[in-house]
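Welcome, and please open the structure in your viewer. We will go from stop to stop, selecting a few residues each time and looking at what is there.

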Amino acid sequence: MRTQIDDRRFGSRERLAWLLRTNRLHGQQEEFRRLRQFAESFPDGARVSSISTSQVSRWETGHTLPTASVLTRYEEVLGLPASMLTTATDAIFRYAGSRLGAPVLLRSAPSHDDELQNQLDALIDPVMTGGVMDGAAWDELSYLLITHPSIFLPSRVWTGLAERLLSEMVIAEGIPWFQRFEALSRLIGHPLGQHATIASCGAMVNDSSNQVFMDPLSLLDGSRHRDANRHVTDQLTAPTNDQALRGALLASVRKVRDHHFTEKDLTALYDVLIQHVSDTDGHVSARPLAIEVLRLLPNDSTPQRSRSLDRALRNDAVLRQVLDTGRVVHAAATAATVSRICAPALAAQPDSSGTDVEAGLRTLVDEMLHSPVSDVRLLAAQTLAATPLRYLVADGLITEIRSRVTSTSPILAVAILGALPFLARQEHRNLVEQLAVCHPLPSEITNGAIWALAHLPGQSTECLLAPSPVDAPLDLDPNPSRPGSTDPARPGVRVRCLRQRRSTASHTQRHTVPSRNPGRDPMVAEHSKGHPSERSAVTGWSHSANPALSISPTAATSTSTPATPTFR
């Protein structure tokens, strides 16, 4: 079975085509809604020569795959942030693919060995000497290395590249975060660079003083190397903390999907997953994620269903739904929710949009909210964030969480709070602040709101940071169908988590990031800030919807498990 992003009806090429068409039709330049006007404005006299309307149509229907220079020209003509489309596209194709390696989008590369060597020297020198590297430089360097796998670098250089890039990635935001994540994925896919990169990720995950665990684990999901498998299975059997466990489960989705594990590993994995499914004290997303990995296991690797699994399924409708359909809620039951959230964006559609833009929008919103896999939710939110529809979708999310979701569905509320940092404007922050201090709400929702506040645009006032009564009123009418769990220590949790991002950055800079020139940090996105939250293993964007700086809203706690089967 495949995850949603692998659906051929709306696969990687269709998503890229949807991105291009949606940006052209919904951009500020209304004249570009006509193909001829856009085609006439597209040539730049250098990288792109004259093009026909039929060529644009082939790009925007998925019949022809554009190059990276074509996407760059789309960004320039439509006035989009640099690298927004290329970064989103790289992530979509990488996750849907079964092997790490060169990105699908072709870049220009040196035609002569001397030119290649000079380019590599210019890019590697600042890494090894503590100079400044921006996301574009990492993108270029990693592309040159992965497309020239025979180039020899000393092992100390590979180690320096991996450690520097990883330390920057965990504190970067927005587009610069994604550029670094994709660059690390290329190093992990490099036959020579993979060893140092996998070792760096493993060292970070095994360091309990570190605050970021999901990102480095999630980076390992595309590697077939035995060391990458070992780091993942070690965190499944004896996780450093709750974040590390979720990162390992997240990495296991692709590893099982793409057959990275041996038969012996899969048998041991089944028993470990049953233990995590039976654990009701973990993060709200951990058990559905463990069930999704179980669902993807080959039938011949799963013994007869255990009583523990049957008991967990009997007591939790969400788990039953994930095992049956790969969704947290049945599609028929979510159609109305998706329609409500899409309504503001659909109301603003020009007549020329057609049904394909609407269909893609509905699919992405559905994945963003109802997939048990945070990578799928993250990539859906990232794709929406790379379009002019993002603020309108955020309006729909705010309306939904205000009127229905808050007290009745923690899983859906947390998914909405995870998506908002990618899509929201500063004015959307107020409601999330109310959720962070409201009483009574399920603690999962409060913690999700606390995490979101660390990634949303704008800043909270000092009065929010100060201790406040736990019965602070909330501007909602949730009509809860059941009481939610409460967290009596909520004010202290709130202050701690709102400061967590800052402490993570300072900890990482203090221990691992080489000194850089003073001035604006090149890792901070100008147009979008945010990290993929849920998966600290993957994937931030415009802000973070399954956020990238994987900072959990709850303090990391040690997760203990009973004696478990060993992996080879």
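Begin by selecting Glu367 and Arg15, which form a salt bridge whose closest N and O atoms are 2.7 Å apart. A salt bridge here is a side-chain nitrogen of Lys or Arg within 4 Å of a carboxyl oxygen of Asp or Glu. Glu367 lies in helix α19 and Arg15 in helix α1 (residues 12-26), so the pair ties together parts that are 352 residues apart in sequence. Helices are DSSP runs of H or I with at least four residues, strands are runs of E with at least two, and both are numbered from the N terminus. Across the whole structure, a search finds 25 salt bridges.

A word on what you are looking at: this is a predicted model, in which local features need pLDDT of at least 70 and side-chain atom pairs count only at pLDDT 80 or more, while totals for chains, interfaces and linings use all residues. Residues are numbered from 1 along each chain as its sequence is written, and side-chain values use heavy atoms, with hydrogens and water left out.

Axes are lines fitted to C-alpha atoms, for helices over the stretch in contact, and angles run from 0 to 180 degrees between N-to-C directions. Now show the side chains where they touch (contact means heavy atoms within 4.5 Å). On the α19 side, select Leu361, Leu364, Val365, Glu367, Met368 and Leu369; on the α20 side, Val376, Arg377, Ala380, Ala381, Thr383 and Leu384. By class, these are nine nonpolar, one polar and two charged residues. Ala, Val, Leu, Ile, Met, Phe, Trp, Tyr, Cys and Pro count as nonpolar, Asp, Glu, Lys and Arg as charged, and the others, Gly among them, as polar.

Move on to helix α16 (residues 307-315) and helix α17 (residues 317-325). Their axes come within 5 Å and cross at roughly 115°, and the two helices are therefore roughly perpendicular to each other. Ala312, Leu313, Arg314 and Asn315 in α16 meet Ala317, Leu319, Arg320 and Leu323 in α17. Five of the residues in this contact are nonpolar, one is polar and two are charged.

The next pair is helix α8 (residues 155-169) with helix α10 (residues 194-206), whose axes come within 8 Å and cross at roughly 45°. These two are therefore oblique to each other. Select Trp158, Thr159, Ala162, Glu163 and Leu166 in α8, which meet Ala196, Thr197, Ser200, Cys201 and Met204 in α10. Here the contact has six nonpolar, three polar and one charged residues.

Now for two loops. Ser83 is in the loop between α4 (68-78) and α5 (84-96), and its phi is near 75°, a positive value in a residue other than glycine. Then pick His259, in the loop between α13 (242-257) and α14 (263-278); phi of His259 is near 65°, also positive in a residue other than glycine.

Finally, colour the model by pLDDT, the predictor's confidence in each residue, from 0 to 100. The chain averages 81, and 78% of the residues score at least 70. Over residues 477-568 the pLDDT is below 50.

Methods
Angles under 35 degrees count as roughly parallel, over 145 as roughly antiparallel, 65 to 115 as roughly perpendicular and the rest as oblique.
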